[in-house]
Amino acid sequence: MRHQRTRTCGELRIENATEKVVLNGWIQAIRDHGGLMFIDLRDRYGFTQVVVDPARLPQVNELGPEWVIAIAGEVRARPADARNAERSTGEIEVVADDIEILNGTKVPPFEITDDCRTREELRLEHRYLDMRRRPVLANMELRSRLNHTIRSSMMEQGFMEVETPILMKTSPEGARDFLVPSRVHPGQAYGLPQSPQLFKQTLMVAGIDRYFQICRCFRDEDLRADRQLEFTQLDVEMSFVRQEDVFLVMERVMARVWKDIAGVSVAAPFPKLSWEESMARFGSDKPETRCSLECFDFSARAAQSTFRVFAQAVAKPQGTVRGLVIPGGASLARKPIDDAEVVAKTYGAGGLAWVKLTPEGPQGTLARFLQPEDLTALAEAGAKTGDLVVFTAGRFEAALTALGQVRLHFARHLNLIDTSQTHFLWITDFPMFEWNEEEQRFEAKHHMFTAPTSELPEPGADISHIKASLYDLVVNGNEIGSGSIRIHRPEVQAKVFAHVGLTAEQAADKFGWFLRVLEYGAPPHGGIALGVDRIAMLLANAASLRDVIAFPKISNGTCLMTQSPSAPDEKQWRELNLRPN
RNA sequence: GGGGACGUGGCGCAAUUGGUUAGCGCGUCGGCUUGUCACGCCGAAGGUUGCGGGUUCAAGUCCCGUCGUCCUCGCCA
């Protein structure tokens with residue numbers, strides 16, 4: 001190239017008038033007035049208007065949108081009536097002395113404009129064009145600043161970044177692993193990390209007492225708007241700590257991130273809510289607390305009810321009936337209530353009982369079953385004339401999960417969420433184990449290295465009530481992180497394996513190396529992992545993780561730009577001792 | 001694996017109850033144009049209505065199947 005840029009397209013101001021400059025960039029638009037042409041030149045930093053006299057520079061007539069050019073010329077203050085207050089460079093223009101064509105282009109499959117509304121498929125197939133658009137570029141810049149802010153805060157707090165392997169030992173526990181077949185060891189494979197969990201714990205045993213890493217993790221599960229096959233995690237682990245120490249570190253990071261990137265001041269320490277209380281009040285382990293609606297317990301009245309669904313539900317072990325008052329809901333049409341029932345059923349409830357408290361008396365599915373004492377109980381729960389009350393029945397977690405989703409349904413429908421607020425909170429004291437109906441055994445709710453908050457009973461005893469030093473970080477109803485204090489004593493670890501049905505041999509085969517690590521003076525330790533993509537998504541106010549990932553995969557797990565995954569050729573299969581079928 | 005939504009020139013959309021030659025904007029191509037900034041004006045090209053079958057005198061529209069995309073339940077320690 002003859003003309004290499006001396007300035008970017010975003011920086012020239014009126015003070016630069018009369019300077020000779022060279023700009024490089026892409027043509028955003030050409031406005032052809034015959035004897036005079038304007039070119040908006042774009043690069044990562046902005047737009048600058050170039051004025052061209054086509055009689056002097058006839059090559060301008062060849063140009064089109066998205067051609068790559070170099071402009072050599074002089075900065076000039078625009079005539080007073082031709083200034084553009086909308087643009088930072090709108091007071092000046094560059095008068096072209098020379099135009100060098102650096103590259104032409106095919107006609108782009110969609111227009112490269114900020115507000116272009118085109119199929120996401122097409123945008124992702126041509127992500128390099130999509131990324132020229134300001135909104136996409138802005139999200140990429142946001143992520144870059146986010147990473148920088150996180151690293152700064154972690155380094156300032158004395159943490160050390162250590163990289164851990166991508167090729168590691170596979171484990172059938174938890175999410176499905178991506179497998180990488182070994183060429184050298186026929187029949188064997190590495191697994192890609194679902195997280196660097198055991199490596200970071202090993203680093204604690206190694207004495208790296210404050211570790212962090214911004215790392216890529218992989219889970220071979222179905223995708224969602226907020227779940228990708230590969231995602232980025234802020235992985236943190238600390239030695240000689242209790243959970244409050246982890247909270248303190250992460251609160252500093254989050255407060256700094258929200259301040260620097262969103263300009264929002266958040267108060268620390270963040271409120272803490274036990275899992276049980278969060279479930280009981282909000283019907284969720286990631287409660288949207290910017291909506292004040294809370295669930296209440298109707299079990300005592302339900303036991304007396306002539307409504308058989310209620311009476312039967314509470315007669316079962318762990319059975320409960322929970323209600324939720326929707327203020328002003330008595331005036332709701334049938335549609336949103338029917339929709340709410342669909343929501344409840346989708347999340348596993350048998351149905352949604354409801355009653356409208358109208359001036360004419362109770363109306364709805366539950367109305368004819370209500371006794372005077374029931375109405376008193378509803379009044380005590382805060383229900384007034386004009387309100388709607390909805391109920392779900394079932395086991396504690398099931399009934400409340402469904403009701404929690406119904407709560408969100410009405411909160412959105414009635415605009416009851418104060419989106420001007422930012423609510424961070426910690427959810428603590430999760431159950432340690434979860435019953436897996438399919439496999440008829442308990443399994444770890446988080447992972448098997450989480451420490452219980454109390455002594456574990458002998459294997460075989462009921463462990464459904466055991467709580468773990470397990471915590472989630474929630475912001476505005478989104479789970480953005482999860483962590484725990486870990487087990488650092490081998491005998492406790494062995495007991496946990498026994499409770500989830502792993503024999504000593506199985507445990508040794510899968511995690512034996514790590515059990516040996518624990519035997520060499522493992523310090524008490526704990527940590528957390530935050531979803532960086534999700535944080536970026538929230539900060540960018542994006543609806544999908546794809547919006548904050550440079551080259552994301554679509555919901556079927558393919559990359560539209562590179563057409564991955566693809567079929568390896570025969571030779572590659574052979575080298576891996578595998579055969580395509 | 002289940003449920004829902006969508007699929008019409010390159011892009012975004014329209015097309016009444018099934019009814020004439022499938023329209024509009026943007027883009028593209030050609031022409032005009034000296035102060036625009038989503039420049040403007042004139043003109044042109046561009047369609048197997050995702051694909052396959054069916055119903056009908058007649059299908060973009062109705063039915064069945066299929067493919068694709070998105071959302072979602074399951075799944076995600």
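This is a predicted model: local features need pLDDT of at least 70, side-chain atom pairs count only at pLDDT 80 or more; totals for chains, interfaces and linings use all residues.
1. Let's start with the RNA. RNA strand B has 45 residues around it, and those that come nearest are Asp32, Ala82, Glu93, His446 and Ser555.

2. Charged residues number 19 near RNA strand B, alongside 13 nonpolar and 13 polar ones.

3. Some polar contacts to check by eye: a polar side-chain atom of Tyr347 sits 2.6 Å from a phosphate oxygen of RNA strand B. Ala225 also approaches a phosphate oxygen, here with a backbone N or O atom at 3.3 Å. Gly34 instead faces a base, with a polar backbone atom 3.3 Å from a base nitrogen of the RNA.

4. The most comes from S1, which gives 3 residues.

5. Now please turn to helix H13, residues 504-518. Its end C-alpha atoms are only 15 Å apart, whereas a straight helix of 15 residues would span 21 Å at 1.5 Å a residue. The place to look is Phe511, where H13 bends by about 85°.

6. Phe511 is also one of the buried residues of H13, together with Ala507, Lys510, Gly512, Phe514, Leu515, Val517 and Leu518. What do the buried residues of H13 pack against? Their partners are helix H4 (197-205) and helix H12 (490-499).

Notes
Residues are numbered from 1 along each chain as its sequence is written. Chains are lettered from A and ligands numbered from 1 in the order in which they are written. Side-chain values use heavy atoms; hydrogens and water are left out. A residue is near a molecule or strand if one of its heavy atoms lies within 4 Å of it. A polar contact is a pair of N or O atoms within 3.5 Å; within protein, one must be able to donate a hydrogen and the other to accept it, and residues adjacent in sequence count only if both atoms are side-chain atoms. Helices (H or I, at least four residues) and strands (E, at least two) are DSSP runs, numbered from the N terminus. Ala, Val, Leu, Ile, Met, Phe, Trp, Tyr, Cys and Pro count as nonpolar, Asp, Glu, Lys and Arg as charged, and the others, Gly among them, as polar. The expected span of a helix is 1.5 Å times one less than its number of residues. The bend at a residue is the angle between axes fitted to the seven residues ending there and the seven starting there. Buried means under 20% relative accessible area, exposed over 50%, partly exposed in between (1.4 Å probe, protein chains only). Contact means heavy atoms within 4.5 Å.
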